[in-house]
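The following account leads the reader through selected features of one protein model. Please keep the sequence and the structure in view while reading.

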Amino acid sequence: MKNYLNFKNKVSVVTGAGSGIGREVSIKLSDLGSTVILVGRSKKVLELEKKIKNKNVVGYICDLSDEDSVKKLYMKIIQKYKKVDILINSAGVTASGNIDNTSSKDWQMINDNNGLNTFLCCKYFSKSMKKIKKGKIVNVSSIAGRFRGRTSGLHYAYAKSGLIGFTRQLGAELAKWNINVNCFCPSQTMTDMLRSLITPEIKKELERTIPIKRIATPQEQADVILFLVSEMSNYVAGAAIDSNGGQF
């Protein structure tokens, strides 16, 4: 088992690493020996870099919805580390909204920061994986893309559903280079983002209706991603893995 979870000599890029699930999986990968590149839109990634205090952890601030910025980031990382073994696309934003109060600007913002950013990171970082003929990519979707959103809006469900189809297609496309591309679909997780969206009443209702009777922690969701980027998942490709406490 230790060999399966040995990430020494691996270079991992984690987007959305400043908070939530991305933050927790970054800490776990660092603890397991990986070089971890923390990527995010804010100084949170730099703060996490200082907190981890590992010479093999470095943070970069980047607008991942801008192709030129992603390309420059990729070149910078390759110049320094020579390769990328693991890409975890955890960066994303959510918002509430229905068909009547969602503007086209709202729609585009959610899609740029959940779909476009994932596409751009896969486009560039998979280039390194093709060269070394091996890699692991995890795109973080949501229960909103598998079932429906209970705390988020229509635009978010659309974007996260699209990630599942994107992953299946890309998983088949990159399989011949021994690159495993999979999709992770977590349910409501007690992150800062969720806390900003729910009231105590909504939290109580969620806990009542979730079969496991509680909201997930970021740490246990990060454990599922660890499986998907480890040697334990070498025959898993194009899959959508649910971690939702029994919500179907």
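Tyr124 is buried, at a relative accessible area of 8%, where buried means under 20% relative accessible area, exposed over 50% and partly exposed in between, with a 1.4 Å probe and protein chains only. The model is a predicted one, in which local features need pLDDT of at least 70, side-chain atom pairs count only at pLDDT 80 or more, and totals for chains, interfaces and linings use all residues. Residues are numbered from 1 along each chain as its sequence is written, and side-chain values use heavy atoms, leaving out hydrogens and water.

Tyr74 is likewise buried, with a relative accessible area of 6%. The rings of Tyr74 and Phe125 have centres 5.4 Å apart and planes at 85°, so this pair is edge-to-face; rings of Phe, Tyr and Trp (its six-membered ring) pair if their centres lie within 6.5 Å, and planes under 30 degrees apart count as stacked, over 60 as edge-to-face and the rest as tilted. Because Tyr74 lies in helix α3 and Phe125 in helix α4, the pair ties together parts 51 residues apart in sequence. Helices (H or I, at least four residues) and strands (E, at least two) are DSSP runs, numbered from the N terminus. Tyr74, Tyr124 and Phe125 form one aromatic cluster.

Helix α2 (residues 44-52) has Val45, Leu48 and Ile52 as its buried residues. Seen down the axis of α2, these fall within an arc of 55°, so they line one face of the helix; the arc is that of the directions from the helix axis to the C-beta atoms. On the other side of α2, Glu47 and Lys50 are exposed.
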